Amino acid sequence: MRSFASFVLLAVLASPVLAQTPTVSLLIDNGFPSSGTLSIRSVLNSVATRKGQTFHFGSTWDTSYSSAEASWMTNVYNTFFNHMVAENGCKWSATEPTRGVSSLTQCLGVQSYAVARNASFRGHNTFWHEQLPSWLPGSVTASDLVTNVIPQHVQQEIQGMGAGVTSWDVVNEIVGDGVSNGMCVQNKNDWPTKTADGSGTNLVTDLSFLHAAFTAALQYAPSTTRFSVNDYNTSGNDAKTACMFALLADINANSAVPYNRLAVGFQSHITAAPGQFTAKSDLANTFAKLAALGATGMITEMDVKLSDTSSASERYQAAIWGDYIDACLYASNCFEFINWDPRDDLSWLGASGAGTLFDTNGNPKPAAYEVAARLQRYASGATELCATALGTSQCTVPAGSGSSTSTGSTTSASTSTSSATTTTTPTGPTGCASPMWGQCGGIGWAGCTGCSSGTCQVANAYYSQCL
Ligand code: XIL
């Protein structure tokens with residue numbers, strides 16, 4: 001029988017008090033901006049320099065946005081994001097509403113929007129159990145599905161979208177939450193691999209449909225495109241993640257997709273509560289295991305749901321986001337980081353979920369400033385911080401690790417858990433001039449520092465503007 005003491009302990013452990021938001025330490029407390037205009041496009045270029053290849057940092061775009069929302073997005077894309085994914089426009093229901101008829105208008109529309117903003121574009125998704133066209137599952141035979149329906153859809157979408165797609169989610173949410181089923185995949189009633197006759201019997205009972213999808217992707221995509229298996233809860237140290245690795249090996253063996261073209265997308269729809277997200281150390285391990293295979297990992301749909309918008313909760317959200325972006329930045333094989341939905345009121349979680357980087361008024365939240373600070377700090381060559389989401393009892397950002405000025409000074413700091421050297425990015429070329437309203441300076445800015453009209457005025461550490 002349990003003693004009273006252990007009962008009290010359990011009661012305390014189970015109480016919401018211990019689930020309370022931990023106090024966290026952030027870069028934005030240490031010299032990096034926590035207010036003002038965020039302008040990090042040039043910082044992303046510096047990140048790419050350290051990474052050795054383009055770093056794609058983006059958000060969703062939905063064709064349903066109003067013109068006011070679109071104009072806000074345009075500004076955010078000019079200054080903050082450099083990568084884009086269609087929230088819904090490339091899904092099967094949008095791209096093949098009638099069997100055999102390719103309809104890429106929405107998907108191409110989002111891609112053109114990205115190109116116009118000098119942003120890259122990724123494909124989400126050719127194949128999922130949700131947002132299927134009404135003719136699927138439908139009365140198609142197993143062999144028709146595997147031989148025709150699935151590979152033809154993958155072909156027409158991937159071939160139709162052509163070059164300029166960094167990666168395709170060839171399949172979305174395929175790994176099972178429980179791994180008891182021998183195929184180690186989802187067993188959802190709405191997969192196209194189920195019959196629609198209500199019998200509940202699998203139409204396709206092996207992974208041939210998946211092999212057909214990846215084989216078609218490999219055949220019809222440009223040689224630079226990566227192919228991902230995109231899923232939730234596959235970035236940790238658990239059975240579902242192990243299942244994902246088994247699936248990758250199966251795809252590699254049966255679809256002949258080399259590991260260096262394969263990726264795992266970690267959706268990362270998480271909640272700001274202890275235990276409701278993957279610990280930074282586990283993220284790092286999973287990236288490293290993929291790297292050992294030659295495969296990449298990417299954060300594809302990040303949002304961090306809050307139960308309230310207190311300062312403590314928003315800071316915790318910032319600490320978690322900081323850990324995730326750090327895990328990606330410091331992994332040798334992570335080049336894409338997508339935030340799912342640009343702004344709280346445009347989020348699939350609803351505004352009350354407060355799960356994005358920008359609030360309902362379109363203003364950057366602490367998480368946006370913290371992410372910008374992580375990018376800047378990485379670009380400067382600094383070593384990785386400890387896991388801020390663990391709270392100050394385990395991770396305190398070293399005082400002085402910020403770089404709040406553009407004087408070119410170097411600061412260094414260390415603690416028992418991490419050490420950091422931060423150097424401000426050099427100023428841009430002289431002898432050229434930005435136009436009125438144009439950027440003329442700020443952390444990471446490598447463009448013109450003069451003004452052809454007006455004078456260069458400091459808005460904040462990231463942004464000086466010709467006014
Ligand atoms: C969501 C969109 O955000 C919503 O607008 C839509 O109604 C449903 O789908 N995992 C995924 C995304 O892979 O495609 C989902 O997007 C969110 C969960």
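**Fold, ligand site and selected residues**

Me: In which helix is L248 found?
Reply: The model discussed here is a predicted one. Within this model, L248 is found in helix α8.

Me: Does L248 count as buried or exposed, and at what relative accessibility?
Reply: Apart from neighbours within four places in sequence, L248 touches V229, Y259, L262, A263, V264 and L290. Buried means under 20% relative accessible area. L248 therefore counts as buried, its relative accessibility being 0%.

Me: What distance separates the C-alpha atoms of L248 and V229?
Reply: V229 is among the residues in contact with L248 once neighbours within four places in sequence are left aside. Along the chain L248 and V229 are 19 residues apart, and their C-alpha atoms are separated by 8.0 Å.

Me: How many helices and how many strands does the protein have, and what share of its residues counts as buried?
Reply: The protein contains 11 helices and 16 strands. Of its 467 residues, the share that counts as buried is 55%.

Me: Among contacts between residues at least 6 apart in sequence, what percentage joins residues at least 24 apart?
Reply: The accessible surface of the protein comes to about 18,000 Å², and carbon and sulfur atoms account for 53% of it. Turning to contacts between residues at least 6 apart in sequence, the part that joins residues at least 24 apart is 70%.

Me: With which residues is L375 in contact, leaving aside its neighbours within four places in sequence?
Reply: With neighbours within four places in sequence left aside, the contacts of L375 are I40, V43, L44, V47, F55, F57, I325 and L329.

Me: Which residues come nearest to the ligand?
Reply: The shell around the ligand divides into three nonpolar, six polar and four charged residues. Of the 13 residues around the ligand, those that come nearest are E87, K91, H124, N172 and E301.

Me: What percentage of the area that the ligand exposes when taken alone does the protein bury?
Reply: A polar side-chain atom of K91 lies 2.8 Å from an oxygen atom of the ligand, and for a polar side-chain atom of Q131 the distance to a ligand oxygen atom is 3.3 Å. An N or O atom in the side chain of E173 is 3.4 Å from a nitrogen atom of the ligand. Taken alone, the ligand exposes 410 Å², and the part of this that the protein buries is 80%.

Me: Is E173 buried or exposed?
Reply: E173 lies in the loop between β4 (167-172) and α7 (208-220), and its phi is positive, about 55°, although it is not a glycine. Since buried means under 20% relative accessible area, E173, at 10%, is buried.

Me: Is N118 buried or exposed?
Reply: N118, in the loop between α5 (105-116) and β3, is a residue other than glycine with a positive phi, near 60°. The cut-off for exposed is over 50% relative accessible area. With a relative accessibility of 62%, N118 therefore counts as exposed.

Me: With which side chain does the side chain of S235 make a polar contact?
Reply: S235 is placed in the loop between β5 (226-231) and α8 (239-255), and because its relative accessibility is 6%, it counts as buried. Beyond four places in sequence, S235 is in contact with T241, F266, T278, D282, L283 and T286. The polar contact made by the side chain of S235, at 2.8 Å, is with the side chain of T278.

Note on methods
Residues numbered from 1 in each chain as written. Heavy atoms only, no water. Near = heavy atom within 4 Å. Polar contact = N/O pair within 3.5 Å; in protein donor to acceptor, adjacent residues only side chain to side chain. Areas by Shrake-Rupley, 256 points an atom, 1.4 Å probe, with all protein chains shown as cover. Nonpolar A, V, L, I, M, F, W, Y, C, P; charged D, E, K, R; others polar. Helix = DSSP H or I, 4+ residues; strand = E, 2+ residues; numbered from the N terminus. Buried < 20%, exposed > 50% of the residue type's maximum accessible area, 1.4 Å probe, protein only. Contact = heavy atoms within 4.5 Å.
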